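Colleague: Could you walk me through this model, one question at a time? I'd like to start with the ligand.

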Amino acid sequence: MTRTTTAWRETDAMTANSEDAAISWRGVKLRHERFTFGPIDCDIPKGMVTAVVGPNGSGKSTLFRSLLGLEPIREGETEVLGTKLSGGRDDAYKGKIGFLAENPHQYENGLTADEKAEFASLVYASWDWDRYRKLMRHFDVDGGVKLSKLSKGMRRKAELSVAMAHDPELLLLDEPSSGLDPFAWRTMLEQLQRYMEPGDRTILIATHIIAEVQRLADYILFLNRGKVLGLYEKDRLLDEWRTIVLQASTNAAQADARTLQAAPGLQSFTEAGSGIYRLEVDDSEQAESYCRANGFQVLGVQRMELEDILSCLIRKEEAKR
Ligand SMILES: Nc1ncnc2c1ncn2[C@@H]1O[C@H](COP(=O)(O)OP(=O)(O)OP(=O)(O)O)[C@@H](O)[C@H]1O
């Protein structure tokens, strides 16, 4: 799915154009006893799907919860759908959000999906029973069964139906596909794609499923240990990040490995032995020309997978620690 706008396409800057942002963070820090998140300065573009990707414990759920006032924000300013979060005094913006938490709420175990929907219908002014029933039908879930009696995947589908039935402006999905079988997963992707069609809705989705990022996301926000590693436009990221394998040209006396360290867009540099070098770069065309001009022969160029890009960003961040 690609819905690009020029303002966001031209840059990877994390605070490119806050007017087009569904969420903006300025110097935001969140703290638990043994975990600090941030500072985060970043804008999540409106009308787009942004995937939040990072290892376990990197702070994805913490970030989601903070948007609903469930995590104390110690420093900085968060704005969601035009509302500055101010310690829970202005809650009206929450009516425009659909939230699927990572784990089901145990206190809802005794409710059926339809009873949970009844509660939600009282909370959300734009609640649409027709929409709820259609979603439940698409997902093939019986709304009359207690949530605790549903399988994990069934419960996920019921909760996603409730989260989407008021047609929110912003959907916050914390690992929505956890427990879904491949057919249900496809139905979920279809429903999310349909939800995005009007062009003015935004999804922020935390996921470990690379296929989900590839199929859904326009942007990717990478996190590690409570730090933001970057917000990138997905297509551009996959297009431009490459692994280049090089060897000093036999007739090039000037080939000096140290020059490789200054290659344009260099993200990582590995000496593989026998005069072979492996570069990971975010601007492959320029990097290749540079390496050739400096006496290196290009043995191979390969696109990088998202996992490789994330691990490269993590290695860079860890090297600073
Ligand atoms: N209520 C809490 N009190 C104290 N520490 C917490 C609390 N909630 C989360 N943490 C800690 O904050 C860190 C980030 O947790 P979080 O759940 O946000 O990560 P995550 O990226 O969503 O992880 P996962 O991919 O495993 O779901 C972890 O170190 C976790 O132990």
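Colleague: How do the residues of the shell around the ligand divide into nonpolar, polar and charged?

Modeller: This is a predicted model, where local features need pLDDT of at least 70 and side-chain atom pairs count only at pLDDT 80 or more, while totals for chains, interfaces and linings use all residues. Residues are numbered from 1 along each chain as its sequence is written. Ala, Val, Leu, Ile, Met, Phe, Trp, Tyr, Cys and Pro count as nonpolar, Asp, Glu, Lys and Arg as charged, and the others, Gly among them, as polar. With that sorting, the shell has one nonpolar, three charged and eight polar residues.

Colleague: Which residues surround the ligand?

Modeller: A residue belongs here if its C-beta atom, placed from the backbone, lies within 6 Å of the molecule. The list is His32, Glu33, Phe35, Gly54, Asn56, Gly57, Ser58, Gly59, Lys60, Ser61, Thr62 and Glu102.

Colleague: Now the whole chain: how many helices and strands are there?

Modeller: Helices (H or I, at least four residues) and strands (E, at least two) are DSSP runs, numbered from the N terminus. Along the principal axes, the C-alpha atoms fill a box of roughly 75 × 40 × 40 Å. Within the chain there are eleven helices and 14 strands.

Colleague: What share of the 321 residues counts as buried?

Modeller: A residue is buried if 20 or more other C-beta atoms lie within 10 Å of its own, exposed if 12 or fewer, and partly exposed in between, with C-beta atoms placed from the backbone. For the 321 residues of this chain, the buried share is 40%.

Colleague: What separates the centres of domain 1 and domain 2?

Modeller: The bounds come from an automatic or database domain assignment. This assignment gives domain 1 as 6–235 and domain 2 as 242–303. Taken over C-alpha atoms, the separation of their centres is 41 Å.

Colleague: In what order do the strands of the six-stranded open sheet come?

Modeller: Two strands pair if DSSP finds at least two bridges between them. The pairing in this sheet is mixed, and the order is E6-E7-E8-E3-E9-E10. The edge strands, each pairing on one side only, are E6 (97–100) and E10. To finish on what you asked, the order is E6-E7-E8-E3-E9-E10.

Colleague: Which residues of E3 are buried on each side?

Modeller: In a regular strand the side chains alternate between the two faces of the sheet. E3 (residues 49–53) is mostly covered, with five of its five residues buried. Thr50 and Val52 lie on one side, and on the other are Val49, Ala51 and Val53.

Colleague: Which residue in E9 is the bridge partner of Thr50?

Modeller: E3 pairs in the parallel sense with E8 (residues 202–206) over four bridges, and Val49 stands opposite Ile203 there. E3 and E9 are also parallel, over four bridges. In E9, the partner of Thr50 is Tyr219.

Colleague: Why is strand E10 largely enclosed by the rest of the structure?

Modeller: E10 (residues 227–233) is joined to E9 (residues 219–224) by six bridges, and the two run antiparallel. They form a hairpin with two residues between them, and Arg225 in the turn has a positive phi of about 45°. E10 is largely enclosed because its buried residues number six of the seven.

Colleague: What is the average twist from one strand to the next in the four-stranded sheet?

Modeller: That open sheet has the order E12-E13-E11-E14, with antiparallel pairing. Its edge strands are E12 (266–273) and E14 (296–303), each pairing on one side only. The twist from one strand to the next averages 20°.

Colleague: At what angle does helix H10 run to E14?

Modeller: Axes are lines fitted to C-alpha atoms, for helices over the stretch in contact, and angles run from 0 to 180 degrees between N-to-C directions. H10 (residues 284–293) lies across E11, E12, E13 (276–281) and E14, and its angle to E14 is about 165°.

Colleague: Last one: which residues does Ile309 touch, not counting those up to four places away in sequence?

Modeller: Ile309 sits in helix H11 and counts as buried because it has 22 C-beta neighbours inside 10 Å. Its C-alpha atom is 7.6 Å from that of Trp241, 68 residues apart along the chain. Two residues are in contact if their C-beta atoms, placed from the backbone, lie within 7 Å. By that rule, Ile309 touches Leu237, Trp241 and Met304.
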